[in-house]
Amino acid sequence: MTTLVIIDAANVVGSVPDGWWRDRRGAAERLRDRLAVDGVPGHEGPVEIVLVVEGAARGVESVPGVRVEAASGSGDDRIVELAAGARGRPCLVVTADRELRRRVSEFGAEVVGPRAVRGDS
């Protein structure tokens, strides 16, 4: 069964102070492109990657291998909606946000931190 991987773009991009705040959309696009090429390290099986963006990153387009969801309001709320809709299939959420981790865990989602997709060691 295909694992749904939901990525909190703002949280992952914001996890390293590399100047992302000067170009939030560009930072989200770089993350999207890395995911399209590298996938999710440690998850060799089939995955459906959903990158949730909000605020200044809205407008980032989907690419083959990564579906981009622009949250109309809170990115966290959209991530919770996606996790809730994944019942019955494996779901992995990538975020360091404690409250979001708690909320998606209630729907059975596994949660990992930003390093899982940043390529950091």
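**A salt-bridge network and the fold around it**

At 23% relative accessibility, R78 counts as partly exposed (buried is under 20% relative accessible area, exposed over 50%, partly exposed in between, with a 1.4 Å probe and protein chains only). Its side chain meets that of E69 in a salt bridge, 2.9 Å from N to O. Here a salt bridge is a side-chain nitrogen of Lys or Arg within 4 Å of a carboxyl oxygen of Asp or Glu. The model is predicted: local features need pLDDT of at least 70, side-chain atom pairs count only at pLDDT 80 or more, and totals for chains, interfaces and linings use all residues. Residues are numbered from 1 along each chain as its sequence is written, and side-chain values use heavy atoms, leaving out hydrogens and water.

Stay with E69. At 17% relative accessibility, E69 counts as buried. E69 also forms a salt bridge with R67, with the closest N and O atoms 3.1 Å apart. R67 is partly exposed, at 31% relative accessibility.

R67 has another partner. It forms a salt bridge with E48, and here the closest N and O atoms are 2.5 Å apart. R67 lies in strand β3 (residues 66–70) and E48 in strand β2 (residues 47–53), so this pair ties together parts that are 19 residues apart in sequence. E48 counts as partly exposed, at 26% relative accessibility.

Now put the pairs together. Salt bridges that share partners join E48, R67, E69, R78, E81 and R89 into one network. Across the whole structure, a search finds 10 salt bridges.

Next, the fold. The chain has five helices and five strands. These are DSSP runs, numbered from the N terminus: helices are H or I with at least four residues, strands are E with at least two. From the N terminus on, the order is β-α-α-β-β-α-β-α-β-α.

What about overall dimensions? The C-alpha trace spans about 40 × 30 × 25 Å along its principal axes. A compact globule of 121 residues would have a radius of gyration near 14 Å; the chain has 13 Å, which agrees (taken over C-alpha atoms; the globule rule is 2.2 Å times the number of residues to the power 0.38). Buried residues make up 40% of the 121 residues.

Contacts reach along the sequence. Among contacts between residues at least 6 apart in sequence, 57% join residues at least 24 apart (contact means heavy atoms within 4.5 Å).
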